[in-house]
Amino acid sequence: MGKIKGFFSDVMSEMRKTSWPKSKELTKYTVVVISTVVIMALFFVLVDLGISSLFRWYLDL
């Protein structure tokens, strides 16, 4: 039981040392992450459509 208490004590100590982002920084980071995810999703959709159409074209030969 002492190890568990020591673990949570260490966790709380480390959480106090953590530097949390300000609201403006958090908004900026969120926009960057969401836009990156959207761009990558569009990229993979286009690549998938291209490969699928090439494969269908090849099978129709």
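Lys and Arg count as positive and Asp and Glu as negative, while His and the chain ends are not counted. Each charge is placed at NZ of Lys, CZ of Arg, CG of Asp or CD of Glu. On that basis, the mean positions of the 8 positive and 5 negative charges of the protein chain lie 15 Å apart.

This is a predicted model: local features need pLDDT of at least 70, side-chain atom pairs count only at pLDDT 80 or more, and totals for chains, interfaces and linings use all residues. Residues are numbered from 1 along each chain as its sequence is written, and side-chain values use heavy atoms, with hydrogens and water left out.

**Overall form**

The protein chain has two helices and zero strands. Both terms refer to DSSP runs numbered from the N terminus: helices are H or I with at least four residues, strands are E with at least two. The radius of gyration is 24 Å, well over the 10 Å that the globule rule gives for 61 residues, so the chain is more spread out than a compact globule. That radius is taken over C-alpha atoms, and the rule is 2.2 Å times the number of residues to the power 0.38. Along its principal axes, the C-alpha trace spans about 70 × 35 × 10 Å.

**Surface**

Buried residues make up 0% of the 61 residues. Buried means under 20% relative accessible area, exposed over 50%, and partly exposed in between (1.4 Å probe, protein chains only). The chain exposes about 6200 Å², and carbon and sulfur atoms supply 73% of that area. Areas come from the Shrake-Rupley method with a 1.4 Å probe; for residues, only the protein chains shown count as cover.

| Residue | Relative accessible area | Class |
|---|---|---|
| F8 | 51% | exposed |
| K17 | 61% | exposed |
| E14 | 46% | partly exposed |
| T18 | 33% | partly exposed |

F8 sits in helix α1 (residues 2-17). F8 also belongs to a nonpolar surface patch with M1, I4, F7, V11, M15 and W20, about 820 Å² of accessible area together. Patch residues have over 30% relative accessible area and no salt bridge; nonpolar side chains (Val, Leu, Ile, Met, Phe, Trp, Tyr) are joined within 5 Å, like charges within 9 Å.

**Salt bridge and loop**

A salt bridge puts a side-chain nitrogen of Lys or Arg within 4 Å of a carboxyl oxygen of Asp or Glu. The count is one. K17 pairs with E14, their closest N and O atoms 3.4 Å apart. Both lie in helix α1, three residues apart, about one turn of the helix.

T18 lies in the loop between α1 and α2 (23-60). The C-alpha atoms of T18 and Y58 are 56 Å apart, with 40 residues of separation along the chain.
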